[in-house]
Each structure stands twice: as C-alpha cells, then as structure tokens.
Amino acid sequence: MALNLFGRLMPANEDFTKLFCEQAGHIVKAAEELRRLVQGDEAVDRHVKAIRAIERQADDVARAIFEIANRTFNAPIDREDVVALAHDLHDAVDLIEDMAKGIQRYHVRTFGADMHAMADAVVESARVLQQVMPHLDSITRDYKTIFELCEKIGEIEDRADESFDRGLMNLRADVAQGAVDTLGYIDRKELYELIENVVDKCDDVANALQRITAKHV
C-alpha cells in the first residue's frame, strides 16, 4: 500500500495535497491571464486586476498551509519541506503579477515571437505542476510519474532559456537598427527578465518536488 505521506501531515479534516493542488490551479489561472496580455489583448487593466485577485487567493492558500504546518506534529516528511514548497508555489504567482504590472507600467502592447514562446512556457509549466500535485497523496507509488513530470518542467525551462537569449539578441538588434530606442530597450529587457523569473520559479517548484520525493522512495 502506498504511504499517504501528505495525508498524514494533518488532522483528518485538513489536507495539504488539496491545498497544494489549489495553489497550482491559481498559478495556471494567473499564467493564462499573463499569456493573454503578451498576446496583445488590449484589456490590460482588466487582466492585471484579475491576476491581482488570483494573487490574493493564493495568499489565503499559502497562509492556510503555514497555519496547518505550524500546528502539525510527527509529520512523516520535514515540515521545512512543506513550508518551502508552499513559499515556492506562492512566489510563482507573485512573479506572474510582477510581470503583468511591468507590462502595464511600461505600456508595452506588442511582443516578439520569443516573448510569446516564454509566455507559452509559463502556461505549460504551470499546467504540468497542476498534474503533479495530486500524486503527492501516493508519493511512494507514483514517484516515477512525479519525477517524469518534473523533468518535463526542466525541459520547458531549457527551451525558455533559449527563447530568452534569442529575445535579448533580437532586442539589441532592434536598437542597433533604430526600431527600439534606449528607454524601450531597458523596459523590454526588464520584461524578459521578469518572465524568465517565472519560468525559473516553476522549475524551482519541480526541483523541490523531486527532492521531497527522493526522500521517500
């Protein structure tokens, strides 16, 4: 019988796995809103407002996880692992909000193919994380699936890195050709860095999940 590690972390009416799944769902929703912004949807303020609302919901979930972790004893996995994973998941939503606010702040409305590819990578990574979370209830049985899904996120992150490098090279070329001025370069470079942070954070979550899983197989 697979050991229900996360299920045993709390009283019967409290479920860490359910909360982690909920948090992954918030990342997906925020990522999809962000991709619409990058795709050129003119309703910028509406999308930023939606992402802020999602971030507040993510705050509530993170707070619930921390409160449960603080009153749970004799947990079969390290409490520090639970708290660190909760922080990483919440950080992903925060970073998406940072990117959305950057688009709003710099009034950037059109992006090149490489930025579109990175926005796609954010959504794809978030959806894979959403697939991973339910397996935490049967971590010893499903460890291979967890590892495989986390490796997939690593592959997405690698592709996003290539898009990031290519995007910055193209941006420098635009400056050299006079298509983008110096201020526009600075603004767009920051946006590339912000969205790269989101993809990297999703990879951080995957790495954390792999470390936790490795302790229990």
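Helices α4 (113–132), α5 (143–176) and α6 each put at least two residues into the lining of the largest pocket. The helices here are DSSP runs of H or I with at least four residues, numbered from the N terminus, while strands are runs of E with at least two. A quick word on the source: this is a predicted model, where local features need pLDDT of at least 70, side-chain atom pairs count only at pLDDT 80 or more, and totals for chains, interfaces and linings use all residues. Residues are numbered from 1 along each chain as its sequence is written, and side-chain values use heavy atoms, with hydrogens and water left out.

Back to the pocket. On a 1 Å grid over the protein atoms alone, a pocket is an open set of points where a 1.4 Å probe fits, with protein on both sides within 12 Å along at least five of seven lines; lining residues have an atom within 4 Å of a point. The largest one holds about 150 Å³ of space, a volume being the space filled by probe spheres set on the points, which are joined across faces, edges and corners. Its lining includes F111, M115, L171, D174, R188 and Y192. Helix α5 gives the largest share of that lining, with four residues. By type, the lining splits into six nonpolar, three polar and three charged residues. Nonpolar covers Ala, Val, Leu, Ile, Met, Phe, Trp, Tyr, Cys and Pro, charged covers Asp, Glu, Lys and Arg, and the others, Gly among them, count as polar.

Helix α5 itself has 34 residues and runs 50 Å from its first C-alpha to its last, close to the 50 Å expected at 1.5 Å a residue; the expected span is 1.5 Å times one less than the number of residues. Just after α5, G178 takes a positive phi of about 80°.

Over in α6 (residues 182–214) sits D187. With a relative accessibility of 14%, D187 counts as buried, where buried means under 20% relative accessible area, exposed over 50%, and partly exposed in between (1.4 Å probe, protein chains only). The C-alpha atoms of D187 and H107 lie 9.3 Å apart, though the two residues are 80 apart along the chain.

Now for the charged pairs. Side chains of opposite charge can pair when their charged atoms come close. Taking a salt bridge as a side-chain nitrogen of Lys or Arg within 4 Å of a carboxyl oxygen of Asp or Glu, the count comes to 14. Here are some of them:

| Salt bridge | Closest N to O |
|---|---|
| R36 and E33 | 3.5 Å |
| R52 and E97 | 3.9 Å |

R52 is partly exposed at 34%, whereas E97 is buried at 11%.

R36 and E33 stay within one helix: they are three residues apart in α1 (residues 16–38), so about one helical turn separates them. R36 is partly exposed at 34%, while E33 is buried at 15%.

K189 and E193 are four residues apart in α6, again about one helical turn. K189 is partly exposed at 27%, and E193 is partly exposed at 30%. Elsewhere, salt bridges that share partners join D88, D91, K201 and D204 into one network.
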